[in-house]
Amino acid sequence: MESIYYAMSWACHRKCRHCYETRFRPYVRGALDGVVAQAADNFPRVIDNLPRKMTYLDRNAPLPGGGYREKTGRIILAGGEVLLDPVREAVLYPAMERLQAKYGRGGIKIIVQTTGDLVTPQIIEDLLERGVWMISISGMDDFHVGMEGEKRLPLIARLEGWFAQAGINRSGWQADNSDNIAWSDEDGPLYHFFGATEDEWIGKLWPRGRAWENSLSTAGMEDNFCADWAGARNFLDHRHSGSEVSVDPSGDVFPCCAKTKLPVGNLTEEPLTEILDSLAGHPVYQALSEGRPDRMGLEFGWDEARFAEACQTVTPAGKAYSNPCIGCDRFHEEVMVREITRLRQQRRARRMACKAA
């Protein structure tokens with residue numbers, strides 16, 4: 001698989017207005033202990049159920065004799081905020097070590113995603129020791145308090161200085177050269193800055209979490225997140241480029257980072273490739289993998305007109321709103337509860353039969 005986005009813990013030091021998940025927030029005392037314990041308990045089983053090899057065939061790199069070049073995939077370790085002291089020590093660092101033990105150095109590209117304001121020179125050193133390929137700074141936008149406009153420039157300058165001292169290059173140092181190297185093919189270690197801005201891939205914001213509660217999403221019917229990167233498009237074709245899934249702290253797997261209303265499976269219970277292969281050809285998930293949520297209900301009595309109608313709603317601020325994510329949620333609520341249960345029971349029965357044999 002090319003990419004896995006693993007949100008490891010619900011704990012965060014911020015409660016941003018635009019966050020796509022309300023459970024990403026500050027926790028204190030026993031509540032913090034609980035979310036850290038959940039993450040620490042689940043990550044070994046999640047990693048054990050990742051693909052045996054983290055590679056993919058890149059359709060953009062055909063070989064002269066046919067076929068495609070095999071490349072190393074990546075896992076993005078994110079939160080919440082994975083650099084919070086208890087999460088970093090009990091979850092992030094041991095997870096990185098477990099990934100290196102599973103795949104070996106060079107067998108996976110590990111990206112650590114953080115808001116950036118908790119990074120220190122010692123943490124940079126710790127991440128390098130554990131084989132980080134990229135440190136991705138995600139808090140560079142006006143939604144993060146203290147990072148509005150030019151307020152973020154001192155932090156950016158400080159981080160750039162620390163990264164340079166540690167021998168970490170900014171992403172694009174090779175991608176911009178005459179060989180047309182893609183950012184994902186660059187030699188690490190790297191760093192990268194991004195945020196929820198109009199020129200970024202998530203500038204319009206998903207209709208999810210606090211972004212929805214605060215009526216911040218400006219996406220319309222023409223904004224089909226499903227067909228974009230980090231949407232569900234190509235998620236079933238895990239052997240080739242373009243495939244990514246999202247995993248939350250419970251181990252639940254989703255075909256997109258925005259997260260469908262219901263997960264397709266859980267990595268504390270079953271292997272990822274087994275889940276994905278069981279969904280191949282299923283009309284709902286095939287349509288999502290094609291980036292066509294409007295067609296996922298055709299065999300369940302939902303034509304495109306009914307789906308479009310289900311996409312209509314009203315924001316918490318009382319304004320008319322429509323987006324395919326809303327229709328996808330309603331379809332899952334009305335149709336997919338029993339269907340997903342049936343598919344999971346089928347997979348479990350097959351596993352039990354294999355054990356019995």
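A: A residue is called buried when its relative accessible area is under 20%, exposed when over 50%, and partly exposed in between, using a 1.4 Å probe and protein chains only. The model here is predicted: local features need pLDDT of at least 70, side-chain atom pairs count only at pLDDT 80 or more, and totals for chains, interfaces and linings use all residues. Residues are numbered from 1 along each chain as its sequence is written, and side-chain values use heavy atoms, with hydrogens and water left out.

Q: Is Leu-205 buried or exposed?

A: Leu-205 is buried, with a relative accessible area of 4%. Helices (H or I, at least four residues) and strands (E, at least two) are DSSP runs, numbered from the N terminus. Leu-205 sits in the loop between S8 and helix H5 (209-213).

Q: What is the phi of Leu-205, and what is that of Ser-215?

A: Most residues other than glycine have a negative phi, and most peptide bonds are trans. Leu-205 has a positive phi, near 70°, and Ser-215 also has a positive one, near 55°. Ser-215 belongs to the loop between H5 and strand S9 (244-247) and is partly exposed, at a relative accessible area of 25%.

Q: How many disulfides does a search of the whole structure find?

A: A disulfide is a pair of cysteine sulfur atoms within 2.5 Å. The search of the whole structure finds zero. Cys-325 is in no disulfide, and its nearest cysteine sulfur, that of Cys-256, is 6.7 Å away. Cys-328 is likewise in no disulfide, with the sulfur of Cys-256 the nearest, at 6.7 Å. Cys-325 is buried, with a relative accessible area of 10%, and Cys-328 is buried at 7%.

Q: Which residues does Ile-326 touch?

A: Contact means heavy atoms within 4.5 Å. Not counting residues up to four places away in sequence, Ile-326 touches Pro-207, Trp-212, Ala-310, Cys-311, Thr-313 and Tyr-321. Ile-326 is part of helix H9 (residues 324-356) and is buried, with a relative accessible area of 9%. Its C-alpha atom is separated by 9.9 Å from that of Met-221, 105 residues apart along the chain.

Q: Which residues of the largest nonpolar core touch the most other members?

A: In soluble globular proteins, nonpolar side chains tend to be buried together. A nonpolar core is a set of buried Ala, Val, Leu, Ile, Met, Phe, Trp, Tyr and Cys residues joined through side-chain atoms within 4.5 Å. Of the 102 residues in the largest such core, Leu-92 and Tyr-285 touch the most other members. Leaving out residues up to four places away in sequence, the contacts of Leu-92 include Met-8, Leu-77 and Val-112.

Q: At what angle do helix H1 and helix H2 pack?

A: Axes are lines fitted to C-alpha atoms, for helices over the stretch in contact, and angles run from 0 to 180 degrees between N-to-C directions. Helix H1 (residues 29-48) and helix H2 (residues 85-103) pack at about 5°, with their axes 9 Å apart. H1 is therefore roughly parallel to H2; angles under 35 degrees count as roughly parallel, over 145 as roughly antiparallel, 65 to 115 as roughly perpendicular and the rest as oblique.
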